[in-house]
Amino acid sequence: MDLYLKVRLAVSEGMSRRQAAKHFNISRDSVSKMLSYSTPPGYRRQAPVRRPKLDAFVSTIDHWMDEDLKVPRKQRHTAKRVFDRLRAECGFTGGYTIIKDYMREREQRRQEVFVPLSHPPGHAQADFGEAVVVIGGVEQKAHFFVLDLPHSDACYVRAYPAAVSEAWIDGHVHAFAFFGAVPQSIVYDNDRCLVSKILADGTRKRTVLFSGFLSHYLIRDRYGRPGKGNDKGSVEGLVGYARRNFMVPIPRFATWDEFNAWLEEQCRKRQRDRLRGESETIAERLQRDLAAMRPLPASPFEACDQASGRVSSQALVRYRTNDYSVPVAFGHQDVWIRGYVDEVVIGCRGEIIARHPRSWEREDVVFDPLHYLPLIEQKINALDQAAPLQGWDLPEAFATLRRLMEARMAKHGRREYVQVLRLLESFELADLHVAVKQALQIGAIGFDAVKHLLLCQVERRPPRLDLSIYPYLPRATVEKTSAKAYMRLLSTHAGDAA
């Protein structure tokens with residue numbers, strides 16, 4: 001730039017172009033160029049680049065690259081592989097560098113360009129992301145639901161053990177409760193939990209659960225193109241933001257509920273931020289979103305998967321590869337199943353017969369020991385080998401009670417012990433534990449005594465082992481004293497004295 005200024009000043013003050021070239025030790029063409037442009041114009045190509053050794057093979061390279069779009073990404077041509085094939089199959093004599101440069105330029109020309117979008121208030125985008133978390137001391141993969149309001153950039157994040165249909169719906173229900181309103185429309189990808197099929201005309205066939213959800217909240221659903229995340233770029237970016245800011249370092253919580261409560265608090269804190277290019281905070285812009293959204297319906301949608309099944313001969317019902325127990329009285333009957341995110345509910349006709357924490361393992365068996373106690377009472381020899389009772393963590397007093405019952409009453413004592421356990425069908429474990437300890441303290445080893453003490457514990461009154469009040473207590477058989485037995489007793493004492 002300094003040389004440009006000196007040359008142009010010298011010529012403007014009367015120095016000829018020949019003298020300027022000689023004085024500044026540059027060519028006359030350079031002087032003419034400096035007089036034509038006030039600043040260096042830079043290199044300007046006048047004709048397209050000629051590649052005589054490559055041009056004849058460009059169509060072949062383009063064909064190979066187009067075919068690569070149909071194969072897995074890791075098995076596509078590299079510049080080195082194209083170079084080797086051209087030499088071996090086509091007689092190419094050029095170098096590797098021109099192949100590499102052409103493929104890089106071709107890739108740059110084919111990269112997609114996007115249109116900046118504006119987002120009116122009252123609309124949302126939803127997606128799922130993945131991250132590693134530690135819940136209850138176990139490291140596992142969390143699937144976190146994200147709902148984004150692009151106009152205000154407000155968000156809601158909730159984590160689940162799996163990204164199943166009921167997790168999608170449960171995430172929406174909690175997000176709507178968090179904001180206190182329902183968006184007019186939501187943009188989704190084509191997840192199989194939501195879309196069962198994409199029809200030939202581009203419309204989507206929704207899953208039954210998702211259709212019911214949309215009908216309940218009156219939401220218009222919109223979808224991005226398959227494999228095109230940029231169609232819902234706001235929530236895609238928010239998934240990455242949540243992973244980097246909410247899940248680094250790896251979150252460690254005792255339960256999923258504690259983790260999700262913490263995530264909600266992070267979403268609230270983020271509303272105080274003012275993002276780049278915005279003059280208002282997220283919370284201030286959120287007010288326009290909420291004003292354009294619909295009010296919540298009178299009741300939330302029930303986020304559960306519904307199925308039917310049949311109870312097996314072992315009183316088990318299969319749901320999503322896992323088996324859940326039901327009371328043995330319902331064996332071989334048809335039942336209905338509702339799968340929630342955190343529990344599985346099983347019913348027969350209009351009655352709920354079993355509730356279990358949901359297992360996210362595969363081919364797992366979930367037992368409730370109480371379901372099998374009536375059958376074990378009948379088949380008492382199966383007590384020690386009954387799988388539903390394995391690992392049942394009962395207080396130590398129960399094992400002591402069983403040992404004393406078996407020592408005093410043999411097989412009948414085992415049956416009475418099962419009858420004691422069946423009291424848990426109607427009473428709490430804590431109350432039964434108190435009654436068992438009292439029975440052990442006073443030496444009243446029997447089902448009737450434990451039941452009496454349990455009722456007194458629940459009714460808050462002192463125990464009275466009175467047959468007139470509690471006729472189910474075992475009656476003692478008192479025989480008349482015989483002289484023969486009395487004389488034998490005296491002879492025993494006389495022998496001890498001797």
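Reply: The count comes to 22 aromatic pairs, where rings of Phe, Tyr and Trp (its six-membered ring) pair if their centres lie within 6.5 Å; planes under 30 degrees apart count as stacked, over 60 as edge-to-face and the rest as tilted. This is a predicted model, in which local features need pLDDT of at least 70, side-chain atom pairs count only at pLDDT 80 or more, and totals for chains, interfaces and linings use all residues. Residues are numbered from 1 along each chain as its sequence is written, and side-chain values use heavy atoms, with hydrogens and water left out.

Me: How do Phe83 and Phe92 pair up?
Reply: Phe83 and Phe92 form an edge-to-face pair, 6.4 Å centre to centre with 90° between the planes.

Me: And what about Phe176 and Phe213?
Reply: Phe176 and Phe213 are stacked, 6.1 Å centre to centre with 15° between the planes. Phe176 lies in helix α7 (residues 165–179) and Phe213 in helix α8 (residues 208–217), so the pair ties together parts that are 37 residues apart in sequence. Helices here are DSSP runs (H or I, at least four residues), as are strands (E, at least two), numbered from the N terminus.

Me: Is Phe213 buried or exposed?
Reply: Phe213 is buried, with a relative accessible area of 0%. Buried means under 20% relative accessible area, exposed over 50%, and partly exposed in between (1.4 Å probe, protein chains only). Phe176 also counts as buried, at 1% relative accessibility.

Me: New topic: which ring does the charged end of Arg270 sit over?
Reply: The charged end of Arg270 sits over the ring of Tyr241, 4.8 Å from its centre. The rule asks for NZ of Lys or CZ of Arg within 6 Å of the ring centre and within 35 degrees of the ring normal.
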